[in-house]
Amino acid sequence: MGDSAINLSVRVTTSNENFWAMQEQLIIQCKEDLDKAGIEIPFPQQDIHIRK
């Protein structure tokens, strides 16, 4: 658990020339799958009310 994140580790293998494309697609697919499952990652926040 991070301060404002849940850190996940995934290990995959690919050729060097495919690394960046694979990494980008993996991140996109993970985000789409989490969204489809209705899983949201909460983050700390603070509401400030100012009175005049």
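## Overall form

The chain has a radius of gyration of 17 Å, whereas a compact globule of 52 residues would have one near 10 Å; the radius is taken over C-alpha atoms, and the globule rule is 2.2 Å times the number of residues to the power 0.38. This is a predicted model, in which local features need pLDDT of at least 70 and side-chain atom pairs count only at pLDDT 80 or more, while totals for chains, interfaces and linings use all residues. Residues are numbered from 1 along each chain as its sequence is written, and side-chain values use heavy atoms, with hydrogens and water left out.

Taken along the principal axes, the C-alpha atoms of the chain fill a box of roughly 60 × 20 × 20 Å. Buried residues make up 0% of the 52 residues, where buried means under 20% relative accessible area, exposed over 50%, and partly exposed in between, with a 1.4 Å probe and protein chains only. The accessible surface of the chain comes to about 5,600 Å², of which 53% belongs to carbon and sulfur atoms, by the Shrake-Rupley method with a 1.4 Å probe.

## The helix and its flanks

The chain has one helix and zero strands, these being DSSP runs numbered from the N terminus (helices: H or I, at least four residues; strands: E, at least two). Helix α1 covers residues 19–36, and its 18 residues reach 26 Å from the first C-alpha to the last, close to the 26 Å expected at 1.5 Å a residue; the expected span is 1.5 Å times one less than the number of residues.

In the segment before α1 lies Thr13, which counts as exposed because its relative accessibility is 80%; the C-alpha atoms of Thr13 and Leu26, 13 residues apart in sequence, are 12 Å apart in space. Asn18 is also found in the segment before α1, and with a relative accessible area of 41% it is partly exposed. After α1 comes Gly38, whose phi is positive, near 75°, and between the C-alpha atoms of Asn18 and Gly38, 20 residues apart in sequence, there are 30 Å. Ile39, in the segment after α1, is partly exposed at 43% relative accessibility, and its C-alpha atom is separated by 15 Å from that of Ile28, eleven residues away along the chain.

## The largest pocket

The largest pocket has a volume of about 210 Å³. On a 1 Å grid over the protein atoms alone, a pocket is an open set of points where a 1.4 Å probe fits, with protein on both sides within 12 Å along at least five of seven lines, and lining residues have an atom within 4 Å of a point. The lining consists of Ile6, Leu8, Val10, Cys30, Lys31, Leu34 and Ile41.

Terms used
Grid points are joined across faces, edges and corners, and a volume is the space filled by probe spheres set on the points.
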